[in-house]
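My notes follow the model.

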Amino acid sequence: MLLRRTLLALAAAASLAATSAHAQSPTNPRVVITTTEGVITVELYPDKAPITVANFLKYVDRKLYDGATFYRASKPPGQAANDYGAIQGGLRDDVKKKLPPIAHESTLKTGIKHTDGAISMGRYAPGTAQADWVICIGDMTYLDATATDPGFAAFGRMTDGKPVAEAILGKPTDPNAGVGAMKGEILVHPVKIISIRRAPPPDPASPPPAAAPEAAPPAPTPATTPKA
């Protein structure tokens with residue numbers, strides 16, 4: 001079990017590093033989410049999800065997320081480690097800052113899957129998304145749309161700051177707070193979002209980041225050596 005978890009963590013880290021090093025586009029906007037736990041950087045895909053990205057950037061450019069929080073940490077039942085789950089941030093109940101709801105952009109249309117690092121809009125019914133969003137830690141493709149399920153609207157991907165996201169996922173939650181799917185997932189002490197700002201575009205004169213070295217699997221230990 002320990003060996004399997006270690007290999008999964010190495011694979012996820014390598015996947016995120018490859019995304020950061022090779023898949024970023026110099027034309028895609030990036031935003032820097034500064035929190036009291038550290039910084040998370042997200043790349044947005046306006047060519048694939050133009051409505052959702054434009055809405056998110058309205059909040060960013062108007063500085064409406066300043067002072068918002070990450071207030072929810074969701075893990076599957078029995079999950080102890082912080083390498084799988086989702087964290088939710090935004091304005092929550094601050095209706096004075098919320099802009100009108102936006103149209104739903106299905107993953108069947110955008111092609112943006114809910115894989116590790118995806119950022120996706122929170123909503124009730126399709127077409128009700130406003131200001132709150134989640135960041136996936138680990139693959140959560142069950143959030144993608146199907147022929148019978150509208151799914152959720154992913155619109156970008158975390159490219160840096162995964163340890164910060166995992167630290168937020170590991171914060172204590174109140175077992176009695178929240179309703180419905182959020183029951184027991186509300187943080188006892190929400191993590192403050194100091195600001196969200198657009199990152200400057202990459203310098204075209206700068207060399208591309210080096211690819212992450214391939215991680216070797218750990219040597220077996222007495223606790224993880226498979227039995228014959």
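These entries go from the whole chain to single elements.

**Ground rules.** I am working on a predicted model, where local features need pLDDT of at least 70, side-chain atom pairs count only at pLDDT 80 or more, and totals for chains, interfaces and linings use all residues. Residues are numbered from 1 along each chain as its sequence is written, and side-chain values use heavy atoms, with hydrogens and water left out.

**Whole chain.** I find 4 helices and 9 strands; helices (H or I, at least four residues) and strands (E, at least two) are DSSP runs, numbered from the N terminus. From the N terminus I read the order α-β-β-α-β-β-α-β-β-β-α-β-β. The chain has 228 residues, and 40% of them are buried (under 20% relative accessible area, with exposed over 50% and partly exposed in between; 1.4 Å probe, protein chains only). Taking contacts (heavy atoms within 4.5 Å) between residues at least 6 apart in sequence, I see that 72% join residues at least 24 apart.

I then followed I40: beyond four places in sequence, its contacts include V31, V32, I33, F70, I135 and M158.

**Helix α2.** Helix α2 covers residues 50–61, and its 12 residues reach 16 Å from first C-alpha to last. That is close to the expected 16 Å, taken as 1.5 Å times one less than the number of residues. I list T52, V53, N55, F56, L57, Y59 and V60 as buried. Their cover includes β1 (30–35), β2 (38–44), β7 (154–160) and β9 (186–198). Just after α2, K63 has a positive phi of about 60°.

**Pocket.** Which residues lie nearest the centre of the largest pocket? I get R72, Q88, G122, R123 and M182, out of 34 lining residues. A pocket here is an open set of points on a 1 Å grid over the protein atoms alone, where a 1.4 Å probe fits, with protein on both sides within 12 Å along at least five of seven lines; lining residues have an atom within 4 Å of a point. The volume is about 860 Å³, counted as the space filled by probe spheres set on the points. Strand β4 gives the largest share of the lining, 4 residues.
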